[in-house]
Amino acid sequence: IKKTTTTKIQSMKGRGCIVSLTAYTKPMAQMMDSYVDLIIVGDSTGMVAYGFDSTLPVTLDMMIAHGAAVVRGVEKSCVIVDMPFGTYQESKEVAYKNASRVLIETGAQGIKIEGGLEMVETVEFLVKRGIPVMPHIGLRPQHANSLGGFKAQGRDKQATKLLIDEAKEFEKAGAFSLLVEGVFENAAKQVTESVSIPTIGIGASPECDGQVLVTEDMLGLFSDYTPKFAKKYVDLSSTIKEVFAEYEREVRNGVFPADEHCFGVKKRT
Ligand code: KIV
Ligand code: NA
């Protein structure tokens, strides 16, 4: 099976063609591999799996452990890993050092960083030295402290122009695609039309070239924080709780384990 490359993702420009989801573990990655083009190992794992109330406490080692697990579950999809807060902003050299560790230690094909124009130089530095980068613009959860919380971006003309400038600069810097989060439809449309690299949207309308969702949101496995754009396709947490309840009943009533689950037992009468 041929692995989807970042170059292939870059070539998939055109409304709605790229399918993406997040994953943090091997089994989840394995289940989605046939259906998606791109798997993003998001630092949302800090909120979804670790119970942090933001993504800021996530470390590089955590992202590397999750990235490596996901890569082990994937045959076909392109895998990219989020760089956590504090591992790429200081300088382009520090960003290179940490991003190269991510690629070497996980086997992923690229990285994602959050940022605006201040990150353009870093993106160019990484790309020129062999690290494919997907910049994440619009609502940037790592910047919640300075953006005044989790708020949709690109509300007016000026904000839209800033997003377009960022997109164009990142394209020039060599980014293979853009993650566009929490952006008004009109702004998402203009950003997508302004660049020849694909935009992958989350809460950014159908105007983007692809869509991504946080897998636990769409499966109903995480509800501490549910943004408007997180469509819940199924409520798996209810199903899982029913199974736990059944297990509890069986153990308390001596129904489990049965003969077939035991060693050295023929047939109990
Ligand atoms: O951390 C995350 O899950 C993300 C998604 C928007 C892809 O950044
Ligand atoms: Na993220």
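Begin by selecting Glu-181, which touches His-136, Gly-138, Leu-139, Ile-202, Gly-203 and Ala-204 when residues up to four places away in sequence are not counted. Please bear in mind that the model on the screen is predicted.

Keep Glu-181 selected and display the strand that holds it: Glu-181 lies in strand E6, residues 178–181. Is Glu-181 buried or exposed? Glu-181 counts as buried because 23 C-beta neighbours lie inside 10 Å, and the threshold for that class is 20 or more. The UniProt record, an unreviewed entry, places the feature "active site" at Glu-181.

Next, select ligand 1. Which residues surround ligand 1? The surrounding residues are Thr-22, Ile-40, Gly-42, Asp-43, Ser-44, Asp-82, His-136, Leu-179, Glu-181, Ile-202, Val-212 and Val-214.

Eight strands close into a barrel, in the order E1-E2-E3-E4-E5-E6-E7-E8, with parallel pairing. Neighbouring strands of this sheet are turned against each other by 25 degrees on average, direction ignored. Strand E6, the place of Glu-181, is one of the eight in this barrel.

For a last stop, select residues 78–82, which form strand E3, and residues 110–114, which form strand E4. These two strands pair in the parallel sense over three bridges. Within this pair, Ile-80 stands opposite Gly-110 in E4.

Methods: Residues are numbered from 1 along each chain as its sequence is written. Chains are lettered from A and ligands numbered from 1 in the order in which they are written. This is a predicted model: local features need pLDDT of at least 70, side-chain atom pairs count only at pLDDT 80 or more; totals for chains, interfaces and linings use all residues. Two strands pair if DSSP finds at least two bridges between them. Helices (H or I, at least four residues) and strands (E, at least two) are DSSP runs, numbered from the N terminus. Axes are lines fitted to C-alpha atoms, for helices over the stretch in contact, and angles run from 0 to 180 degrees between N-to-C directions. A residue is near a molecule or strand if its C-beta atom, placed from the backbone, lies within 6 Å of it. UniProt positions are given in the numbering used here, feature names are shortened, and annotations may be inferred rather than shown by experiment. A residue is buried if 20 or more other C-beta atoms lie within 10 Å of its own, exposed if 12 or fewer, and partly exposed in between; C-beta atoms are placed from the backbone. Two residues are in contact if their C-beta atoms, placed from the backbone, lie within 7 Å.
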